[in-house]
Amino acid sequence: MSNYNVLVVDDEKEIRDAIEIYLKNEGITVIKAKDGIEAIEKLNEHTVHLIVLDIMMPRLDGISTTFKIREQKNIPIIMLSAKSEDTDKILGLQVGADDYVTKPFNPLELIARVKSQLRRYVTLGTYEGGTADKVIDIRGLTLDQAAREVAINGEPVKLTPIEYKIAELLMTNAGRVFSIHEIYERVWNEPGYNAENTVAVHIRKIREKIEIDPKNPRYLKVVWGIGYKMEK
């Protein structure tokens, strides 16, 4: 985990400092900011591989900050919030967060999620049994595994790291139906308990980006009662 830079954004100094201690123990360099405005400034000054971002902050909150970051960058974002309601989690995922941890959090869980997102973001490669550096074309929808890019009819599609991994999983196995829990376990690398909302939000975001009519998808289809598949 050395040579990775993580931006920790929280208006509570104690939380910033505590997360810094745990991340430094993993060899990770920590950059700190107290709100969204300072976070965006830090992003322009440093190379950042992942962001741990609180939702409730003064000046510019985590939701607005994520929205602004996603206009330019696909850096993984793990959101923190003292609230546990699904609506907060879904809102964070809708604007582009990749993962969500509720306060008070177990530091070991947060570190595990950080490490998982970093590996997914900085490491090229595919799932077990896949072929590296492959370009997949499904009726104009293409995925370049070497470049980690998706395009529709030649036009690049900006996907977050998690959205990309879901698209990669489904496109490299076109025609196969994956359950919600299987998608979560394959992409997040952890048990898929209560994964329905998380996966559904990311699927909806992918559809909005690749489908002409997301309500009548041509590519990413639901198989009712089972899961999702990428149509061949």
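**Reading a buried lysine and a helix pair**

Mentor: Lys103 lies in the loop between β5 (99-102) and α5 (107-122); helices (H or I, at least four residues) and strands (E, at least two) are DSSP runs, numbered from the N terminus. This is a predicted model, in which local features need pLDDT of at least 70, side-chain atom pairs count only at pLDDT 80 or more, and totals for chains, interfaces and linings use all residues. Residues are numbered from 1 along each chain as its sequence is written, and side-chain values use heavy atoms, with hydrogens and water left out.

Trainee: Is Lys103 buried or exposed?

Mentor: Buried means under 20% relative accessible area, exposed over 50%, and partly exposed in between (1.4 Å probe, protein chains only). Lys103 has a relative accessible area of 14% and is therefore buried.

Trainee: Which residues does Lys103 touch?

Mentor: Contact means heavy atoms within 4.5 Å. Not counting residues up to four places away in sequence, Lys103 touches Asp10, Glu12, Ile15, Asp54, Leu80, Ser81 and Ala82.

Trainee: At what angle do helices α6 and α8 pack?

Mentor: Axes are lines fitted to C-alpha atoms, for helices over the stretch in contact, and angles run from 0 to 180 degrees between N-to-C directions. Helix α6 (residues 161-171) packs against helix α8 (residues 196-210) at about 80°, with the axes 10 Å apart. Angles under 35 degrees count as roughly parallel, over 145 as roughly antiparallel, 65 to 115 as roughly perpendicular and the rest as oblique; α6 and α8 are therefore roughly perpendicular to each other.

Trainee: Which residues meet there?

Mentor: Ile162, Glu163, Ile166, Ala167 and Leu170 in α6 meet His202, Ile203, Lys205, Ile206 and Lys209 in α8.
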